[in-house]
Amino acid sequence: MLTGMKPILILVLLFASNLAFAQIFSSKRVVLNLNGANSVFAADIDGDGYQDILYASDEENLVGWSKNLNGTGSFQEMPLISGSTMGAFDVIACDIDGDLDMDVVSASSDDNKIAWYENIDGTGIFGPQQIISGSLTGAKSVCSSDLDGDNDLDIIAGASSGGRLVWFENLDGEGTFGLENQIDDGMLFVGQIKTADFDGDGDNDIVIPSVFTWHENSDGYGAFDYQHPITLTGDFSTSYFPADIDGDYDIDVVSSSSSISGAAISWNPNIGGIGQFCNNNIIVPMVSATSIYVCDLDNDSDNDVLVATTGIGCLFWVENLDGLGTFGDTSVIETFSKYITEITVADLNNDGDLDIICAGDNNDKVYWHENNPLANIPNQPFNEHKCLDDYGLQFELNAEDYVSMQWQMDDGSGFTDIPNEPPFNFVNTEVICIYDYVNNYANIKFRCIVYGHFSDSIISDTVQMILHEVAEFDLGNDTVLCDGQELVLTVDVGPLYYFHWSNDTYANTISVTEPGIYHVTVSSYPCPAAKDTIQIDFLFPYSEQICMVTVDTSVNRNLIIWEKTENVNTDYYKIYRLNGSAEYDSIGFVDFESLSVFEDSFADPLVQSWTYKITTVDTCGNESKLDDCVPHSTIYLNGYPLDYNTNVLSWSGYEGFIPADYRILRAVENGNFNEIDFVDSGTNDYFDYHYLEDSLSYIVYASRENFCELSGEFFYHQSFSNRSFDFSTDNNSINKENYRIWPNPSKDILNVTFDGVNVCKIEVFSLDGQLRYQSEFSKSRKINVSEWEDNQYIIRIISKKGVYIEKLIVY
C-alpha cells in the first residue's frame with residue numbers, strides 16, 4: 001500500500017510455544033507454476049556461488065532454470081534451456097565437458113532421448129541440444145557418475161520400455177559419448193538412479209528402484225557383471241537413497257517399498273562396508289514414497305530422512321536421533337492432495353541450513369520450504385526487492401503470547417537499534433509496527449530481536465532491503481563504421497541489472513562487427529525494464545568502374561578516365577596496369593578531389609594494347625576489390641602496305657564496352673586526320689585502297705553510347721588508338737629478279753636469298769598486323785616456320801632501294 005513519500009517496512013513473525021525447540025519449515029514458497037513438473041535439481045548454474053533451481057516438465061516439453069537472485073531465495077525465471085524436449089521426465093546438472101561449469105542432462109520419454117546442453121560461458125547461457133541417445137524408448141531417468149575411472153562424468157539412464165538400465169561413456173571428457181552399455185533389463189519399475197561405492201573398492205556402483213539389488217562395478221571400468229541383494233519389506237521398491245545412516249563411514253541404503261500389506265520406509269545397514277546388507281530396519285511403517293532424500297536437516301552432523309509419499313499424502317522428515325540409525329517421530333512439513341514427483345535439498349538463502357525443493361506433477365508447481373524460518377520471515381520473501389518509485393513496505397508482528405521486540409538496522413557498519421524506537425511489548429495481540437526512514441540505502445538490512453516467554457529464549461530475524469532503480473543509459477547516436485572496424489556497446493548501470501540484447505547476448509557489453517539495428521532491454525526486478533536502440537551501418541569501399549581508356553595521340557600517352565561517385569567515403573583512387581605475367585601492377589593514384597583522369601607516362605601506345613583497372617580507397621584505408629573492376633584495354637593499331645595503292649590496317653578491339661562501330665581516320669603527310677570510313681564492332685581490320693602518292697598515317701577510334709563526364713566540365717566520348725607509322729608509297733621498288741623465297745607455301749624451313757641487293761631488314765606479319773618474325777641481315781636467311789600456325793602471312797623486305805612485300809602461306 002502507499003503511505004506517502006517514505007518507504008515503510010512490514011515483518012510478519014508467527015510464534016508458537018514449541019517453535020524454539022523444534023525444527024521448523026516454512027510454508028510453500030512457489031518458484032514457478034509448471035504443468036507436469038516432473039523433476040527438480042539444485043545447482044549453481046550461473047557461477048555466482050548461489051544455488052539455482054533446474055526443472056523439467058513432460059506436459060510442457062521443456063527444460064529450464066530459475067536464477068537465485070543474490071542467494072536470497074527469490075527466484076527469476078531465465079530463458080528456457082530447451083522448449084522442445086518431448087516428454088521431459090528427468091533433468092540433472094553436472095560438468096559434462098570438463099570446463100568447470102554446470103551443464104544440463106535430460107531424459108525425455110516421448111522422443112526417447114538422452115541429451116545434454118552445454119553451459120557455454122558458465123553464466124547459464126546454453127547451447128543447442130546434443131543427443132547422447134535418440135533411441136532409448138521411454139527414457140525416464142538420468143544420472144551422472146565416473147563409471148570407468150577416467151576422471152570424467154559418464155551418463156546412466158533408465159527406460160520404462162523393457163525396464164532397461166544402460167550407461168554411456170564420455171569418450172573424451174568433452175561430451176562426446178559412445179554407444180549404450182547395457183546394465184540390466186526387465187525391471188518392473190524405473191525410478192531415480194543413484195550411485196555410490198557400496199563395496200569400498202574405490203569405484204561407483206549403481207542402485208535403482210524396482211529391483212532388490214545393487215549393481216557392482218566389478219572392474220572399475222564400467223563392467224556391471226554382478227548384482228547383490230538388498231532385503232526389503234514389500235513387493236517392490238519405489239525409491240532408494242544411499243547414505244551413511246549409522247556413522248560408520250560406509251554406504252547404507254534407505255528405501256521405500258510398496259505392497260498391499262508391507263509398505264514401509266526402512267534402512268539397511270552395510271555390514272563391514274563391503275556391500276552386504278542386513279535385514280531392513282523400518283523407519284516409518286505402512287508408507288510408500290515417490291521420492292526420498294537423505295541429508296542433515298537439523299545441523300547435528302548426522303543424516304535424517306526426508307520423504308514425499310505416494311498418492312494423497314504428505315511431505316515429512318524423520319530425525320536421526322543418535323546418529324546411529326535410531327529415528328524419532330515423523331514431522332510433517334506439508335500435506336497435499338496431489339503427489340510430489342521429486343524432492344531435493346540445497347541452501348537456497350545462504351543461512352547455513354538445507355532447504356527443501358519440490359516438483360509437483362499434479363499440483364503443477366516448483367516450490368521450496370525454508371528450513372528454520374524463524375531466522376527469516378515466514379510466508380514473505382526475506383529479501384525485499386523494491387523499486388525506488390515503489391513504496392509501501394511494512395514490518396508486522398503477529399504475537400500469540402507475551403513477547404518483546406527491538407528493531408535494528410544495518411547500513412553497512414553493523415546492526416544498531418533504530419533511533420527513537422524503544423523495545424515493544426505485546427501480549428496476545430496483533431500489532432503493525434511502522435518505521436519510517438528517509439535514506440535510500442542500496443542494501444540496507446533490518447533485524448527483529450524477539451524475546452520469548454519460553455526460557456527467555458532470543459530469536460532474531462533479518463530482512464535485507466534491496467532497492468532497485470530503473471536503468472538510465474544511452475547507447476548513443478546511430479553510427480557509421482568502416483569495414484573491419486569494431487564497436488563495443490556497453491551499458492554501465494552497476495550491479496543488480498539483467499541485460500538482454502537483440503542478438504541474444506546477456507552481458508552488459510557486446511561487440512558489433514556487422515551492420516544492423518541493435519537494442520537492449522535492461523531490467524532490475526521489480527522496476528520496469530528500460531530499453532534503447534542504436535543503428536550501426538558499415539561503409540564498404542565503393543567499387544568504382546573505369547568509364548573509358550584512350551590514347552592521347554598528341555603526347556603519345558594512355559589516359560584512364562572514370563566518373564566519380566559522390567558520398568561513398570572515397571579518399572583516393574588507385575590505378576593498375578596489366579603486366580606480361582598476367583598480373584596487375586599499381587602504377588599511381590588520384591585524390592578524390594582531383595579530376596578523375598590518369599595519364600600513364602610509362603606505357604607506350606605504339607608498342608601494344610594496354611589493359612587497366614582501378615580501385616577506391618576509403619577514408620578508413622580500406623581498398624575495394626580489384627576483381628570487382630571491369631578491365632578496359634586501349635586500341636592498338638598496326639598496319640602495312642600491301643601494294644602501291646593498298647594499305648592494310650589491323651587493330652585490337654576495345655575491351656571494356658562494346659562500341660557501335662570503329663571509325664577510320666587518315667592523314668596525308670602531316671596534315672589533319674579525316675574520317676574515311678567505318679566498320680562494325682566485330683571487325684578489326686581494314687583495307688585502304690588509295691591513289692595517293694604522299695605518305696599516309698591512320699587512327700582508329702570507338703565511341704561510347706554515353707559520354708564520360710568529369711566534374712561537369714570535361715567530357716570524353718571516343719577511345720582513340722595510337723597513331724600508325726607513316727606508310728610510304730615507294731613499295732616493291734626491288735625487282736623480283738634480285739631475290740628468291742622458297743618454298744612458298746612452306747611448312748618447315750623457309751629460305752630467303754638476295755642477289756645484288758643490300759637488305760637491311762626482313763619482317764613477317766600475320767594478317768591481323770601482329771609482327772611474327774623480324775631480323776636484320778645482309779645475306780641469305782633460313783626461317784623455321786614449323787611451329788607457326790597454318791595461315792597466310794605477309795613478308796616485308798626493306799632495303800636501301802625500297803620495300804618489297806609478298807604473301808607467304810604456311811601449312
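Is Glu623 buried, exposed or partly exposed? Glu623 is partly exposed, because its relative accessible area is 33%, which falls between the 20% and 50% cut-offs. Please keep in mind that this is a predicted model.

**Salt bridges**

- The count of salt bridges in the model comes to 11.
- Glu623 has a salt-bridge partner in Lys574, with the closest N and O atoms 3.8 Å apart. This pair links distant parts of the chain: Lys574 sits in strand β47 (residues 570–578), while Glu623 sits in the loop between β50 (611–618) and β51 (632–633), 49 residues apart.
- Arg577 and Asp600 also meet through their side chains, in a salt bridge of 2.6 Å from N to O.
- Arg577 counts as buried because its relative accessible area is 18%, and buried means under 20%. Asp600 is buried as well, with a relative accessible area of 1%.
- A further salt bridge brings together the side chains of Arg663 and Asp661, at 3.1 Å from N to O. Here Arg663 is partly exposed, at 23% relative accessibility, whereas Asp661 is buried, with a relative accessible area of 13%.

- The covered face of β49 carries Phe598 and Asp600, and the uncovered face carries Val597 and Glu599. Asp600, on that covered face, is the residue that forms the salt bridge with Arg577.
- Strand β46 (residues 557–562) runs antiparallel to β49, and four bridges join the two.
- Across this pairing, Ile561 stands opposite Val597 in β49. Val597 is one of the residues on the uncovered face of β49.

**A four-stranded open sheet**

- Four strands make up an open sheet in the order β14-β15-β16-β17, and their pairing is antiparallel.
- At the edges of this sheet are β14 (194–196) and β17 (226–229), each of which pairs on one side only.
- From one strand to the next, the twist averages 30°.
- Inside the order, strand β15 (residues 205–207) and strand β16 (residues 213–216) run antiparallel and are joined by two bridges. Ile206 stands opposite His215 in β16.

**The largest pocket**

- The volume of the largest pocket is about 780 Å³.
- This pocket is lined by 31 residues, and the closest to its centre are Lys67, Met78, Tyr498, Phe499 and Tyr506.
- Three strands, β4 (62–68), β5 (75–77) and β41 (498–501), each supply at least two residues of the lining. The largest share, three residues, comes from β41.
- By residue type, the lining divides into 16 nonpolar, nine polar and six charged residues.

Key
Residues numbered from 1 in each chain as written. Predicted model: local features only at pLDDT ≥ 70, side-chain atom pairs only at ≥ 80, totals over all residues. Heavy atoms only, no water. 1 Å grid on protein atoms, 1.4 Å probe; cavity = no way out; pocket = protein on both sides within 12 Å on 5 of 7 lines; lining within 4 Å. Points joined across faces, edges and corners; volume = space filled by probe spheres on them. Nonpolar A, V, L, I, M, F, W, Y, C, P; charged D, E, K, R; others polar. Pairing = 2+ DSSP bridges. Axes fitted to C-alpha atoms, helices over the stretch in contact; angles between N-to-C directions. Salt bridge = Lys/Arg side-chain N within 4 Å of Asp/Glu carboxyl O. Buried < 20%, exposed > 50% of the residue type's maximum accessible area, 1.4 Å probe, protein only.
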